[in-house]
Amino acid sequence: MDWIKRLPIKKSGGRLLAAVLAAISFAGMIFLANNGRPTYQSSDTSGVEYEVGKVVGILEDHTTEDEKTDGILRGNMELQIRILTGRYKGETVNVTNYFSALYNVRVKQGEKVSIRIDTVGEGEFQVSIYNYYRVPQMFGCVAAFLLFLILIGGKKGAKSALGLIFTMACVIGILLPLALKGYSVLGVTILLILLCNLVTFWMIDGIQIKTMVAAAGSVCGVLAGAAFSLAAQAAMHVTTYQMEEAETLLLITTTTKLQPKNLFLCGILIACMGAVMDVAMSIASSVAEVHRVNPQLGKWELFCSGMNIGRDAMGTMSNTLILAFAGNSLNMMLMIYSYGIGFQQLMNTDFVAIEIIRSMAGSVGIICTVPIVAFIAAAVFSKKEVCTNQKR
């Protein structure tokens, strides 16, 4: 990778050694984070488990199509399911699969299915159909996305894919297990944002001035969004405990050391990081290109150029972030609108307060990123020219 080649190591063997050591260190971090992490689980004699099964037979089919509700199925099917995973692996059971307006999982013979197993006593359990088995389709979607990214983006697309994989590995492999171990979720999130910013930018464009400027500016932008979120949360009296998942999170704390307090804020930081990085890199690259074309431009001229470019990106990116949150909440907004809920009642619901904080905090992070990156880039590139002139 280019960023490894640009490391201050003269011999190729040294660069390879550095890459291997970095990979080993990252793997070690994931191992240590997951080693001995607590999990919320039921006992051996009772509780609920979700496993994978296979339909080995359709015994009876009593389903009909309901034309009044988009042709969804009503009734039930008697299925024979072989359990493929978990402590009951290899067992074959008969399952009644019920169909309703809200529950419609139709499977065919030979298909895999996600099943729910309720253990009620020693060796006594009941099986029901939980949902479709979507793992292959999900991997297919991810593979298609990465393929498009590489085909259209070329080498930089491939590096972006590696950066995305690295970021997801940090969130899933480091943040989540450390949160369950009782580490400060906010502290770990901020450290991972710093790490992911640096590694992603280095993977895309190597270690150079514009990537360092973009990394520094994007971190400042994310922190600005976090500061706004903290102020908004305090003003509106919104915490993690007003979220839909609060009850489940409190249940998890009974068997783990999870501290839910700052999870809402951490989610906002992670959500706006990608958009902020995009804006930061666009401005840093643009200022670098303007400086390359006209090295005589001073700090003020470079700053104005960065601001002009940033203002164009600011509106579209903020709009994108707000629309993303609105899209996720479309069904809820439609339900609220159909009920004719009054303005006062609507504005004072937890749901609306949470979505407004999410949207505004991310947008504030983007807005603050523009002048920060423009200022840093202008200061750095103008000094670079002065140093060059002095050397001459």
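**Overall picture**

The model is predicted. The protein chain contains 11 helices and five strands. Its C-alpha trace extends over about 85 × 65 × 40 Å along the principal axes. Of the 392 residues in the protein chain, 35% count as buried. Among contacts in the protein chain with a separation of 6 or more, 71% are between residues 24 or more positions apart.

**Helix H3**

Helix H3 takes in residues 135–180, and its end C-alpha atoms span only 25 Å. A straight helix of 46 residues, at 1.5 Å a residue, would span 68 Å. Where does H3 bend by about 145°? The bend is at glycine 154.

**Cavities**

Two cavities of 30 Å³ or more are present in the structure. The table sets out their volumes and the classes of their lining residues.

| Cavity | Volume | Lining by class |
|---|---|---|
| Largest | about 60 Å³ | seven nonpolar, two polar, no charged residues |

The lining of the largest cavity consists of Thr167, Val171, Leu175, Thr189, Leu192, Ile193, Cys196, Ile270 and Met273. At least two residues of this lining come from each of H3, helix H4 (185–205) and helix H7 (263–293). Which helix gives the most to the lining of the largest cavity? H4 does, with four residues.

Around the second largest cavity the lining residues are Ile190, Ile193, Leu194, Val219, Val222, Leu223 and Leu269. Here the elements that supply two or more residues are H4 and helix H5 (209–236). Ile193 is listed in the lining of the largest cavity and also in that of the second largest cavity.

Glutamine 233 belongs to helix H5. Is glutamine 233 buried or exposed? Glutamine 233 counts as buried because its relative accessibility is 10%, and the limit for buried is under 20%. Beyond its neighbours within four places in sequence, glutamine 233 has contacts with Val238, Thr239, Phe264, Leu265 and Ile357.

Isoleucine 336 lies in helix H9, residues 330–338. Its relative accessible area is 13%, so isoleucine 336 is buried. Which residues does isoleucine 336 touch, not counting those up to four places away in sequence? They are Ile341, Leu346 and Phe351. For one of these, leucine 346, the C-alpha atom is separated by 7.9 Å from that of isoleucine 336, and the two residues are 10 residues apart along the chain.

Glycine 28 is part of helix H2, which covers residues 12–34. Glycine 28 counts as partly exposed because its relative accessibility is 27%, a value in between the limits of 20% for buried and 50% for exposed. Along the chain, glycine 28 and leucine 186 are 158 residues apart, and their C-alpha atoms are separated by 22 Å.

Notes
Residues numbered from 1 in each chain as written. Predicted model: local features only at pLDDT ≥ 70, side-chain atom pairs only at ≥ 80, totals over all residues. Heavy atoms only, no water. Expected span 1.5 Å × (residues − 1). Bend = angle between axes of the 7 residues up to and from the residue. 1 Å grid on protein atoms, 1.4 Å probe; cavity = no way out; pocket = protein on both sides within 12 Å on 5 of 7 lines; lining within 4 Å. Points joined across faces, edges and corners; volume = space filled by probe spheres on them. Nonpolar A, V, L, I, M, F, W, Y, C, P; charged D, E, K, R; others polar. Buried < 20%, exposed > 50% of the residue type's maximum accessible area, 1.4 Å probe, protein only. Contact = heavy atoms within 4.5 Å.
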